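Hi,

Here is the structure I promised to hand over. Have a look at it first, and then read my notes below.

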Amino acid sequence: MHLQANDVVMKFKGVTALDGVDMELRKGEIVGLIGPNGSGKTTFLNVLSGVFTPTNGNFRMGDRQWSKVSLREAARLGIRRTFQNIRLFPSFTVMETVEVASAWLDKGDRRENARIALDALNFGQYRDRIASELSYGMQRRLEIARAIAGRLEFLLVDEPTAGLNHGESQDIVEVLQRIRDQRGCGIVLIDHDLNVIMNVCDRVIVLAEGKIISSGTPQQVRSDPKVIAAYLGS
Amino acid sequence: MQLAFQQFINALSLGSIYALVALGVAILFSILRLANFAHGELMTTAGFTLYMTLASGWNWVLAVIAAIAASVVAALILERVAYRRLRNAQPLTLLMTSFAVSVALQSIFLLTFGARPKGIELPAFVDASFRIGGMRVQWLDIAIILITAAIVFGLTLFLRKTVIGLALRSAADDFQTTRLMGVKANALFVGAFVLSGMLAGIAALFYFATVPNVVPSSGFEPMLKGFIACVIGGLGSLPAAIVGGFLLAFLEVGSDALLSDNFSPYLDAIVFLIAIVILRWRPGGIFGVRLTAEQRV
Amino acid sequence: MATQGAILSIAGLSVSYGTVHAVRQLDMEISEGETVVLLGANGAGKSSTLNAIVGLAPRSGGRLVFAGEDITRKPTEAIIRSGLALVPEGRRLFSNMTVRENLRLGAAALSTAEFDRERQALEDMFPITRRRAHEQAGLLSGGEQQQVAIARALLARPKLLLLDEPSLGLAPIIVNTIFEIIAELKRRKVTILLVEQNAERALSIADRAYVLAQGRLELSGAAGSINATTLEKAYLGEREHA
Amino acid sequence: MSMLSGKWWKQSLVGSALLLAILLAIVAIVALAGSTTDMRILMVFLINVIAAISLQTYAGNSGNISFGHVGFMALGAYGSALFTADPAIKAIGIPDAPAFIREAQISFLPAMLIGTVIAVAVAAAIGRVFVRLSGAAAAVATLGFMVIVYTLLSNAEQLTRGSKAFSGIPEYTTLGWCVALLALTIVVARLLRDSNTGLGLRACADDPIAGQAAGVDILNSRYVMWVASAAGAAIAGALYAHYIGAILPKAFHFELTFVLVTMVIVGGRSITGAVAGAALITILTEVLRRLENGFSIGSINLSEAPGLTTAVLALMIVATLTIRPQGLVSRWEIEELLQRWQLRQKPQASARTEENHA
């Protein structure tokens with residue numbers, strides 16, 4: 001199944017954050033989204049996941065097409081996400097955090113389902129810990145665990161390695177690859193760590209000023225003069 | 001026609017009082033995100049001050065000044081004692097604190113003055129009226145309307161022309177960047193509380209001039225009306241507070257005029273119900289923008 | 001390097017948001033009259049550094065000395081009043097207020113007469129602030145807003161100007177204007193600490209550069225000594241000192 | 001530990017049983033050893049617990065405070081009282097009331113149901129507004145609702161005797177009724193809280209964006225809790241009316257609102273918290289009242305605003321919010337508290353054994 005974004009435009013108070021973005025995402029594929037600050041990466045994720053209603057454009061997935069979707073409806077369609085600034089439920093335990101998604105987006109015993117999602121990320125002995133008291137790296141992983149509980153077609157991950165050290169970043173990368181392999185979902189990955197992007201992505205899309213300026217394999221993108229000029233610097 | 005004109009004056013006068021209360025509430029909410037339920041008790045403070053000073057024979061001008069000063073001082077004490085250490089607290093914590101402060105102040109009034117209403121000995125000119133074309137118009141109403149207009153005008157000038165006024169406006173928009181301009185955070189808080197206290201004091205003068213009795217819970221009703229004016233206008237915006245205040249007053253006077261006398265005791269209930277219906281369609285108030293903080297991801 | 005006459009010296013600065021370490025053990029110095037650029041990929045800790053200097057980001061360690069004065073524990077407003085100015089990322093103009101009102105706040109500590117004098121001097125350099133003085137700042141274009149934001153920061157005649165990503169989200173032609181303004185400021189001997197993603201442009205204008213990766217200093221030296229290869233390695237976090 | 005694994009509703013039942021066991025122990029002690037006055041305090045306490053748990057069912061789950069639930073209590077109280085009072089008394093007190101009310105004299109349970117249905121109908125009708133509001137706007141609007149009910153009751157003289165006391169209400173409320181309805185309230189409130197709806201709503205109270213991204217329907221979930229909590233409040237109101245035997249609109253105003261909200265805020269964000277808050281406030285009120293008056297009349301609801309008591313209570317709230325903003329038990333339920341306490345003991349114990357080995 002493909003997720004297709006057609007001519008997506010997003011304007012805030014006259015500022016154009018997305019300027020006609022067309023994108024095709026495939027299941028089983030990890031796509032990296034890079035570009036300078038303010039180039040529209042997070043805005044694209046926000047529009048795709050229903051945080052914002054786009055000024056123009058629409059999406060198509062399977063036989064469904066929409067131009068406006070709420071966060072909740074997007075989640076029910078299997079478009080799941082994490083957030084740039086971690087958004088957990090501060091008073092919840094690890095187990096409860098994932099149970100919420102299992103309860104609302106999955107059938108069957110919500111505790112059993114949550115346990116499965118947590119075990120996939122090796123959360124075993126941390127189940128009863130309070131989410132906000134976990135280490136930063138664990139919090140990032142917990143966000144991912146919550147995002148994979150229940151229906152999952154596409155996983156949108158916004159800077160999952162921000163603030164992590166090299167080992168923790170490596171962990172996250174392996175987790176994402178494993179989720180893709182086991183669940184067969186598509187993954188959209190925004191990250192500032194180019195090493196991560198270059199290593200893990202099947203395809204990289206470069207945004208600048210709300211437009212796609214380049215896309216292709218990591219190697220192609222890395223040597224694209226337009227990318228070097230707009231982002232990497234020379 | 002004559003009746004309609006008289007009702008119009010009534011609504012303007014009542015709306016002026018509500019607008020002043022709503023403004024005082026909105027100033028603190030816009031800058032500190034503090035819903036100060038104790039605003040009513042600032043008014044009660046002015047009311048008791050008015051009662052005591054007039055009862056002990058003060059000149060009314062001095063009594064008026066004393067009443068406003070009492071409100072301002074009370075506001076400053078609240079800032080220092082109750083709210084300063086909660087500056088970074090959750091909105092719900094602030095809300096509950098102000099609710100508790102309101103109850104505590106009412107209890108202190110009760111312990112000090114007792115539950116019996118204290119009649120305020122208003123100067124005779126409060127009842128003076130004049131006639132135009134067969135209509136009796138109270139000078140008091142005219143004074144309330146004109147003074148409120150002058151206050152709104154003065155406040156606008158203050159907020160547009162003085163640096164502290166500009167800083168109060170910018171702090172409501174973006175507190176951090178205001179500090180980046182070198183503006184002292186404490187000065188902003190003190191400034192906001194002084195303004196709020198002044199508005200409470202002036203609103204109290206008008207309120208008690210129309211209802212010349214003061215009891216410990218006197219401030220509750222005007223406070224609630226002021227808050228509801230803010231909420232139907234759009235919480236946090238000063239112009240919305242003024243519009244909300246007048247809207248509420250026109251609803252009140254209008255309902256009273258249109259409904260039969262049987263319904264007049266239910267007036268508050270009817271007006272609040274209409275307000276709730278408005279909120280059904282515009283949960284953020286008439287001018288409300290959805291708070292952006294929630295949408296910032 | 002420049003130890004004598006350093007207007008700002010940073011020693012061992014760390015910034016943490018809860019369990020996130022945005023800046024780790026950073027040492028940095030800026031001398032009077034210099035233009036210094038701070039480079040690094042997204043999330044490397046550049047903005048956190050600037051915010052920590054003015055006391056808006058939580059400093060978890062280190063010492064900051066500005067113009068001979070220890071500002072490590074001072075509140076933001078006191079630091080600003082001692083002669084620092086920050087043009088924050090995304091401009092952060094007060095969008096509901098007029099351009100003139102925004103400028104007036106930039107000179108919050110000055111009297112009206114002083115403000116008028118400073119403003120007139122600046123209006124020649126930023127004609128936009130005269131032409132559109134009474135318009136709402138939020139209605140200006142991004143480039144115009146950036147000019148107003150810089151003018152607002154200059155009004156109090158800061159001893160050191162911090163610029164956080166001034167070219168962010170602007171069209172290339174507007175970016176040129178902004179860099180011309182920075183060059184003009186440099187000619188007028190304004191001391192500048194510039195955070196920029198456009199490394200090439202920034203290096204061409206700066207005297208010296210620092211490069212951050214994952215909150216750590218990866219590279220520092222004269223702007224001319226840094227080229228594309230060393231920079232890309234530093235961005236990717238491969239440690240190498242020039 | 002083991003009792004907490006398995007299906008969620010099993011844990012709800014275990015927790016309810018534990019809470020109820022503690023409350024029953026208190027009831028037994030007071031019934032065996034307490035004076036008549038103590039019994040009166042106990043009864044009012046039990047009714048307060050029902051009211052506090054009901055308010056908590058909305059506030060604790062949604063994160064929105066409500067100042068309006070006293071209005072639902074009033075509807076439950078008047079609804080039940082009107083249909084049970086002696087027709088002879090009603091013929092004198094409210095001669096102009098409709099005949100089906102004036103002549104009615106039904107038994108406790110159906111009357112209580114009528115009061116509850118009235119409250120639920122009102123809550124359902126206006127609920128869609130309140131679930132859209134949050135923060136200060138929600139607080140103001142619910143306060144407005146409380147004033148609406150108060151204004152209606154104190155002016156509908158043909159029906160309620162207006163601001164005068166409506167008396168002659170049969171004193172049906174026994175210890176048995178209180179305990180039975182308390183048990184029902186606790187179990188239902190726990191099941192609601194732990195249900196998918198409650199869990200999702202509590203998540204949204206922590207972070208609405210993340211909650212919706214996990215699939216939660218905030219508005220409908222809030223609505224469910226709003227209506228359910230109105231029903232609980234109405235039951236508490238009815239019990240109260242049939243305990244005191246006389247009610248007046250003023251009893252359901254600012255004062256009671258403050259007491260009720262204080263219980264919930266001081267307690268914490270759980271059912272256990274509501275119980276703990278109700279217990280603490282009841283004890284404190286009694287102690288303060290004895291200091292103030294030198295004697296006690298057992299009810300914290302009917303008395304004229306006692307300045308000192310209220311002032312001290314208010315200051316306590318401010319102190320609690322400053323020192324412990326999350327409340328006495330924070331977000332935890334009783335079985336979770338026990339489990340966490342156990343977990344804290346364990347690592348210490350194992351650390352000690354390690355020391356011994358070394």
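Let me start with a pair that doesn't meet: chain C and chain D have no contact (heavy atoms within 4.5 Å), and their closest C-alpha atoms are 18 Å apart. Before I go on, the ground rules: this is a predicted model, where local features need pLDDT of at least 70, side-chain atom pairs count only at pLDDT 80 or more, and totals for chains, interfaces and linings use all residues. Residues are numbered from 1 along each chain as its sequence is written, chains are lettered from A and ligands numbered from 1 in the order in which they are written, and side-chain values use heavy atoms, with hydrogens and water left out.

**Chains B and D**

How many salt bridges cross between chain D and chain B? The rule (a side-chain nitrogen of Lys or Arg within 4 Å of a carboxyl oxygen of Asp or Glu) finds 0. There are 4 residue pairs in polar contact between chain D and chain B, both residues at pLDDT 80 or more. A polar contact is a pair of N or O atoms within 3.5 Å; within protein, one must be able to donate a hydrogen and the other to accept it, and residues adjacent in sequence count only if both atoms are side-chain atoms. Ala, Val, Leu, Ile, Met, Phe, Trp, Tyr, Cys and Pro count as nonpolar, Asp, Glu, Lys and Arg as charged, and the others, Gly among them, as polar.

**Chains A and D**

Here 33 residues of chain D meet 25 of chain A. The area buried between chain D and chain A is about 2,600 Å², with 57% from carbon and sulfur atoms. The rule finds 4 salt bridges across this interface; Arg87(A) and Asp207(D) meet in a salt bridge at 2.6 Å, N to O. It also finds 10 residue pairs in polar contact, both at pLDDT 80 or more. α10(D) gives the most to the side of chain D that touches chain A, with 7 residues, and by class that side has 11 nonpolar, 12 polar and 10 charged residues.

**Inside chains B and C**

Chain B has 12 helices and 4 strands, and 53% of its 297 residues are buried (under 20% relative accessible area, with exposed over 50% and partly exposed in between; 1.4 Å probe, protein chains only). Thr49(B) lies in helix α2 (residues 39-55) of chain B and counts as buried because its relative accessibility is 12%. Its side chain reaches the backbone oxygen of Thr45(B) at 2.6 Å.

In chain C, Asn102(C) sits in helix α3 (residues 99-106) and is buried, at 0% relative accessibility.

Cheers

Definitions and conventions. Helices (H or I, at least four residues) and strands (E, at least two) are DSSP runs, numbered from the N terminus. Buried area is the accessible area (1.4 Å probe) that two parts lose on being put together, summed over both.
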